[in-house]
Amino acid sequence: MGTVVSGLRSLVTSLFSRRPVISREETAAVFREKYNHFQSLLESNTELLKIFSEIEVMLEGREVFGMAFIRSRTSRAVFHAIRMIKSFERLSGKPQPTLLALVERLSSEIKTVIAGRVNPYRGRLVIPMAEVTGDMVDQVGGKCANLGEIAGKAGLPSPPGFAVTTAAFRAFFEEAGLFETVASIRLGIAPDDPASMAAAAEDIQAAILRAKLPEAVSREMDAAVPAATAGDAGVRFAVRSSAIGEDGELSFAGQYLTMLNVAPDRIASAYKFVLASLFTPRAMSYRLLKGIPDDDVAMAVACLVLVPSVAAGVLYTRLPEDPYRNAVLINAVWGLGPYAVDGVITPDSFLLDRDTLAVAERVVTDKPRMLVPSPTGGLTDVPVPGDKRREPSLSDADARTLAGWGLALERHFGRPQDMEWAVDGQGRLLVLQSRQLTALSAAAPRPTPPVSGAEILVQGGQAACSGVGCGPVHLILADDDLDTFPQGAVLVAPHSDPRFMVAMRRAAAIVTDHGSVTGHMASLSREFGVPTLLGLAGATSLLAPGEVVTVDAASGRIYRGRVEALLATVPADPTFMAGTQVHAILTDVAERVVPLTLLDPKAPSFKPEGCRTVHDVTRLLHEWSYGVMFAVSDLASDGQGGSVTLDANTGLDLHIIDLGGGIREEAAGKLRVVPGDIASRPFAALLTGLVLTGEARIARPVNFGGFLSVMSEQMFSQPGAGTERFGDKSYAIISDKYLNFSSRVGYHYGVLDCYCGATVNKNYITFSFAGGAADDVKRARRARAIGRILEALGFVVDAAADRVAGRFQKFPAEVIAEKLGHMGRLLQFTRQTDMLMVSEASIDAMVACFLSGAPCFDPAWSPPGPAAETV
């Protein structure tokens, strides 16, 4: 039989011309170049999705931000969009002038909007804290802006004082030539040499401290002191950094200097010390690692009346290690506050109930030392009087007052707060500072207890958009299901999809089995304000169509029926930044960046001319890149490609091209490798189903009558099928996370392209199967059967004639790997089955046979007992 088959192969091969052969080295170089461009495109796509999400959060108006945020996010969005365009051009070999022109136009419009801002504070060197508000981040920094909000908008007591603005900083650096000095010294820094960084930092700081302040800055600072102290010459100051940078002051928390107990006549000197802290080795290294140019950093400084506190400490409106416990944590020490956070003294701790403000737990420690202002300036450590060492440093009444203030600030800013406080000599409480609490545990329980008496149907997942929604379940398993989506229903689907936008105005909530909170659909759900819960495994099987449910996205719970307790208490989100000029500018520029209008890849508008925003460009190129990488295996059939052979029972002449990291180091240099030598996660997963074992290794006998019949069908009825060559090589182009697999057997071929890594938004499987040696009807039946199997595996499927394609994307790596095992088995299961598709009933039989776990398709197969799917 081998001689007959070999002769037939030679006969068929001679009928079709071969394409020019490309050398091994050339082909391997092309593969690696294309993969590198593909990786670059995916990286920028991931960064852009993060940027869109960050902008949407700020558009809610619940966080302090300034023009630095707008400039940095929009410039990064433009950079990554252009990088995606260039990567795609190199990947595909096709220029994209329309997309490039669009991004350049959007960039120009964004710059025009930003440049047109009217800044009433521009040029002011010193601003009293009483005049500071949250929208002045660019002038006074995040720390001062927060304090201004605390006193002016939240109405809580805080120390008086003034802010020395970024305009003063720039005036100082320009007049003293410090920008040039810094740039010159930085030229001598070797990034990998800490000693050069330390030497440069010392030189820069010395230059700042030697330079003379501009007369105008000194005059305005001197004039601000009496106003802050009410003429009391004995008042001392706290001089605190309030930096401006890529992410605002909060990203630099702890990087810069604070000076306490500063005499009024020493404020100018302290001011220069704080500015010099911009250039400590630690701060310079931080900016270098974060890619933040020194030119983008400026320093405002808060000069606040020092509170000679009897007791002080910090308050967290949520517990960092258990953020959803219903408690407020207060730490307190005697004297000034630094000992409460620096670990010098174990502080007293108070846990208070968030609802009642009752003290639930109190731990009083031995506090032997405290920090107090020194009469000569600075701070000094002194012993705590013996009778006070084990006394509470804060009364329960004051603790309740502080807890109430902290929760008020949490409501005002819309985020958990880290608040510094003090008690002065007259027993008055003051807020010294408050910022967003960022050190929250990611693996935390849900924020609220379940509603008493309400039945939970399912819980888990991640909130892409918080809120509560109630309505009947409407499953979306196919595109047609969107056409009938009713008003007020809860959309439930296996996976997030941007096409759901058409139903978002009617949806009470959205729930999916899988999906990413930084994905395209998550962005749309936030834009439309639809409570959305993603990654809730099993939702589509556990939520019955038509059943009324209440979705609490924030807590990750879905209740049976209508839960009035949740629906009646949905709070209105605070939006204190709304209405400010900086928020209006963000809203304006965001219209050019964030909205997504390209939803359906099949729509006629899904092309460069249909793009309106940066997000559209991202979506289009991400989609197109799949198609380009999907076709990369065609190159392998044109040349040898620097391949090695897989030594395994697959029934294929299978060759491997390693782009890097796909084959284990110990197997490097081998001409033949075994499955155990494979390091590529997606290829190793595919091989679990592709390598024949057990019953699947037993080949069916060849029906020569049917075989010769289909051979003649191909040779004489389909003379154009030259690219589907009998007995061609199959190729696996691999890296550690990537796989492009082409299976070319007989007159059919299957191509699978996959990325399987840690970033959910990058992960996908695309698959196409086409051709065959039987007649059109039999080939079409096999394609329809494969399509139904893919749908059972969770793929989105498109089938026409004898071709079928499927996509499975944005799932965790372990899910992708599991599906690849099934795909390997599917490739084996469907080989040469077209001649067996003798009737429409054969379609049902093939699908049932595969889903049962049978090793191969036997038309006479029937399930041994009650049908049970194994997939």
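Strands, like helices, are DSSP runs numbered from the N terminus, a strand holding at least two residues; the model shown in these views is predicted.

**View 1**

**View 2. The largest nonpolar core and another core apart from it.** The largest nonpolar core comprises 83 residues, and Phe162, Phe237 and Ile330 are those with the most contacts inside it. Apart from this core lies another, of 53 residues, which includes Phe767, Phe811, Ala817 and Phe850. In soluble globular proteins, nonpolar side chains tend to be buried together.

**View 3. An open, antiparallel sheet of six strands.** The strands follow one another in the order β9-β8-β7-β6-β12-β13, with antiparallel pairing. The edges are taken by β9 (359-363) and β13 (429-436), each of which has a single partner strand, so that one side of each is left without a neighbour in the sheet. From one strand to the next, the twist averages 20 degrees.

**View 4. The pairing of β6 with β7.** Strand β6, residues 311-316, and strand β7, residues 327-334, are joined in the antiparallel sense over six bridges. Within this view, Tyr316 has Leu329 of β7 as its bridge partner.

Note on methods: Residues numbered from 1 in each chain as written. Predicted model: local features only at pLDDT ≥ 70, side-chain atom pairs only at ≥ 80, totals over all residues. Heavy atoms only, no water. Core = buried A, V, L, I, M, F, W, Y, C linked by side-chain atoms within 4.5 Å. Buried < 20%, exposed > 50% of the residue type's maximum accessible area, 1.4 Å probe, protein only. Pairing = 2+ DSSP bridges. Helix = DSSP H or I, 4+ residues; strand = E, 2+ residues; numbered from the N terminus. Axes fitted to C-alpha atoms, helices over the stretch in contact; angles between N-to-C directions.
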